[in-house]
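Let's talk through the charged pairs here, one question at a time.

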Amino acid sequence: MGYSVFMLLLALACSKPPAPAPLESAFAEPGPYLTTRTSRPMDDGTVAVIHAPRDTTGPVLIWNNGSGSDTTEYEALLEHLASWGFVVFGADDGQMGTGERGWELVELARTEAESGELGAS
């Protein structure tokens with residue numbers, strides 16, 4: 001049995017990785033929009049960070065980065081999403097564990113949408 005497992009692992013290690021699926025390949029490069037990064041203060045002093053496509057608005061994405069990190073660790077990903085038309089709201093808050101901050105970001109996005117400032121710099 002040990003020899004069979006070894007041969008299986010060897011075969012997997014030597015095989016070439018699967019080709020990326022067409023959908024993933026289509027979105028691998030930056031999207032068609034230039035992007036902006038703005039910030040808004042929240043009630044408790046935490047900073048909300050907004051990545052948005054310039055000169056347009058699109059679907060809103062709320063980014064909860066998880067505890068122990070902030071949006072700067074995901075800057076490239078958030079900018080990439082904005083380049084494809086998403087308005088991404090995140091918070092520089094290392095304690096996202098309860099998800100409560102996510103709801104505050106939803107409210108911020110709603111307020112900005114109602115005021116016509118969604119993603120505006």
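Q: How many salt bridges does the structure hold?
A: There are five salt bridges. Do keep in mind that this is a predicted model, where local features need pLDDT of at least 70, side-chain atom pairs count only at pLDDT 80 or more, and totals for chains, interfaces and linings use all residues. Residues are numbered from 1 along each chain as its sequence is written, and side-chain values use heavy atoms, leaving out hydrogens and water.

Q: Why is the contact between R37 and E75 called a salt bridge?
A: The term asks for a side-chain nitrogen of Lys or Arg within 4 Å of a carboxyl oxygen of Asp or Glu. For R37 and E75 the N to O distance is 2.6 Å, so the pair qualifies.

Q: What makes R101 buried or exposed?
A: Buried means under 20% relative accessible area, exposed over 50%, and partly exposed in between (1.4 Å probe, protein chains only). R101 has 10%, so R101 is buried.

Q: Why does D44 count as exposed?
A: Its relative accessibility is 52%, so D44 falls on the exposed side.
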